[in-house]
Amino acid sequence: MHKPLLRIPYTDPFARPTIIPRSARTLEGAIAALHAFFTSPPPSGLPASTVVISGAGISVASGLADYRGTNGTYRVNKTYRPIFYNEFLASHEARKRYWARSFLGWSTLHRAQPNAGHYAVRDLAQLGLVSSVITQNVDSFHTKADPNTRTVELHGYLRSTVCTSCREEFPRDSFQEELARLNPVWAAFLRDAIASGALETEDPVEKRARGIRMNPDGDVDVPDAPYTTFRYPACPRCLLDPPRLASGTKSIVEIDRDGAWNPTSTAGILKPAVVMFGESIRNGVKDAAEDAIEGAGRLLVLATSLATYSAWRLAKKARDLGMPIAIVNMGGVRGEDAFFAHLEPSQLGGEGVRVEMPTDTLLPALVQELRRSGFHGEIISPARAERERGDAAIFRDMLS
Ligand SMILES: [Zn+2]
């Protein structure tokens with residue numbers, strides 16, 4: 001069976017969005033449009049609940065980098081080239097390099113917290129408006145802000161490592177402690193870098209001034225500690241009981257005297273529990289995402305350009321099912337014109353919304369407005385929806 005692999009997303013800028021309805025250019029207008037989006041009767045046969053698809057932009061206010069600037073171009077690092085799954089599996093050198101960088105980066109991610117945008121999504125769920133969240137982010141902020149709402153982490157999560165042989169997962173936190181123990185020079189360097197504040201800045205000049213030397217390709221140079229000396233632990237489970245390989249023979253899992261994975265091994269390699277480029281999304285996750293779309297009657301797209309095919313495909317499915325779509329994103333979104341082409345120019349948000357505003361300001365203001373207007377999560381009955389649709393048709397007839 002053909003499995004779609006996670007590919008490098010589009011890097012070309014998308015066209016600037018057309019704001020829908022036109023009144024949604026101001027904060028007040030955007031709130032009114034989303035209010036109408038959430039409280040209008042759902043299309044015939046669809047439930048009133050909303051599914052959210054979120055992306056990197058929602059975590060920008062938490063201090064994490066977005067992949068795209070507001071004009072839709074990549075801005076983190078022009079020469080950025082992520083590691084591919086096959087490369088990670090095949091190369092001990094590539095893994096050393098990956099884990100060394102991850103070791104330095106973990107403290108920044110670990111300190112970061114969900115922001116007002118994530119908490120507003122939780123509030124929308126508590127109001128009975130949002131039924132589930134599909135996120136492309138691997139930072140676990142949605143589940144941290146709201147452990148109760150069903151959340152599908154489409155591209156996995158950094159909070160765990162997973163064994164590429166036995167699929168057992170382990171907490172990334174304790175893995176970090178193991179990395180520190182196995183790489184004392186790096187651990188000392190990291191302590192100094194944190195103390196100097198060098199990891200808190202994205203600015204390469206500032207980083208250098210505070211003691212981190214960045215190469216032109218974005219790599220970090222640690223004095224006296226090249227990547228080639230970096231060590232990482234083996235899967236503890238495979239170490240105790242080496243699994244059988246596809247060929248049927250028992251694998252070899254060996255460690256050095258400190259416990260680091262030894263290149264004589266043929267199994268027991270841990271990777272982050274994220275979907276790497278060139279790796280396929282697990283069937284269970286794909287099914288859960290599709291169930292979340294099918295179980296809802298509306299789609300709210302938050303802070304993503306839908307550049308990855310796996311996310312765009314879900315939005316396309318929602319459109320094909322006749323679900324109204326609201327998009328809140330800075331910059332253009334892949335194929336967005338097709339999501340809104342059917343809308344009547346006079347609709348005020350009930351059938352579709354396109355807003356260009358940061359989620360951490362817009363969504364909390366929306367929640368506040370919903371509460372102020374006395375919305376407490378009443379579910380619109382199909383009979384009432386039918387009645388209201390009838391009323392809307394009558395008004396349309398009167399106006400035409
Ligand atoms: Zn294992």
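Colleague: At what angle do the axes of helix α1 and helix α13 cross?

Modeller: This is a predicted model: local features need pLDDT of at least 70, side-chain atom pairs count only at pLDDT 80 or more, and totals for chains, interfaces and linings use all residues. Residues are numbered from 1 along each chain as its sequence is written. Helices here are DSSP runs (H or I, at least four residues), and strands are E runs of at least two, numbered from the N terminus. The axes of α1 (residues 27-39) and α13 (residues 359-372) come within 10 Å and cross at roughly 60°.

Colleague: Which residues of α13 does α1 meet?

Modeller: Contact means C-beta atoms, placed from the backbone, within 7 Å. From α1 come Leu27, Ala30, Ile31, Leu34 and His35; their partners in α13 are Leu362, Ala365, Leu366, Glu369 and Leu370.

Colleague: Which cysteines does UniProt list for "binding site", and why do they gather at one spot?

Modeller: The entry is unreviewed, and it lists Cys163, Cys166, Cys235 and Cys238. They span 76 residues in sequence, yet no two of their C-alpha atoms are more than 8.6 Å apart, so they gather at one spot.

Colleague: Is Cys238 buried or exposed?

Modeller: Cys238 sits in helix α9 (residues 236-240). The cut-offs are 20 or more other C-beta atoms within 10 Å for buried, 12 or fewer for exposed, and partly exposed in between, with C-beta atoms placed from the backbone. Cys238 has 23 C-beta neighbours inside 10 Å, so it counts as buried.

Terms used
Axes are lines fitted to C-alpha atoms, for helices over the stretch in contact, and angles run from 0 to 180 degrees between N-to-C directions. Two residues are in contact if their C-beta atoms, placed from the backbone, lie within 7 Å. UniProt positions are given in the numbering used here, feature names are shortened, and annotations may be inferred rather than shown by experiment.
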